[in-house]
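Visitor: I am new to this structure and would like a close look at a single part of it. Please take me through the aromatic rings and the helices around them.

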Amino acid sequence: MKCIIGFFTTKPGQRDAYLRAAQDHLEKSRLDPDCLYIELVPMPEHPDRILLAEAFTSEEAHRRHEDTEHMRALWAVGPRLLSHVVIDNVISDQVQHIDERFD
């Protein structure tokens with residue numbers, strides 16, 4: 001499994017524009033059966049910050065994801081809308097999955 005966690009800081013006032021630009025990418029990524037989840041979440045305490053959380057079944061699956069037209073299109077708008085990106089990649093075959101229900 002490969003998990004990607006990070007923070008995107010947009011240029012002042014550009015967070016909503018970046019989230020709109022990312023919408024097509026998110027929708028297409030979620031159709032990939034190897035994409036377990038992908039989310040861009042606005043950080044309420046910081047008007048220009050977005051949390052990135054995504055997971056793929058493998059590092060290879062994520063590499064294929066990075067080589068899609070929709071990924072290239074999103075990265076192309078980055079220089080115009082983003083000021084800083086910090087990403088941590090976690091690759092592991094030792095993943096503990098907890099699935100509890102509280103009915």
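Guide: Arg49 sits over the face of Phe7, 4.0 Å from the centre of the ring. The model is a predicted one, and a search of the whole structure turns up 2 aromatic pairs. A pair of aromatic rings is described by how far apart the centres are and by the angle of the planes. Phe8 and Tyr18 make an edge-to-face pair, at 5.7 Å centre to centre with 80° between the planes. Phe8 belongs to strand 1 and Tyr18 to helix 1, so this pair ties together parts that are 10 residues apart in sequence. Both Phe8 and Tyr18 are buried. For Phe8 the relative accessibility is 4%, and the cut-off for buried is under 20%.

Phe8 also pairs with Trp75. The ring centres of Phe8 and Trp75 are 6.4 Å apart and the planes stand at 55°, so the pair counts as tilted. Here distant parts of the chain are linked, with Phe8 in strand 1 and Trp75 in helix 3, 67 residues apart. Trp75 is partly exposed, at a relative accessible area of 40%. Through these ring pairs, Phe8, Tyr18 and Trp75 form a cluster.

Trp75 leads on to helix 3.

Helix 2 can be described in the same way. Ala61, His62 and His65 are buried in helix 2. Down the axis of helix 2, these buried residues fall within an arc of 100°, so they too line one face of their helix. They pack against strand 1, helix 1, strand 2 (35–42), strand 3 (49–56) and helix 3. At the N-terminal end, helix 2 is capped by Ser58, which has a side-chain oxygen 3.4 Å from the backbone nitrogen of Glu60.

Terms used. Residues numbered from 1 in each chain as written. Predicted model: local features only at pLDDT ≥ 70, side-chain atom pairs only at ≥ 80, totals over all residues. Heavy atoms only, no water. Buried < 20%, exposed > 50% of the residue type's maximum accessible area, 1.4 Å probe, protein only. Helix = DSSP H or I, 4+ residues; strand = E, 2+ residues; numbered from the N terminus. Arc of directions from axis to C-beta. Contact = heavy atoms within 4.5 Å. Polar contact = N/O pair within 3.5 Å; in protein donor to acceptor, adjacent residues only side chain to side chain. Phe/Tyr/Trp six-rings, centres within 6.5 Å; stacked < 30°, edge-to-face > 60°. Lys NZ or Arg CZ within 6 Å of the ring centre and 35° of its normal.
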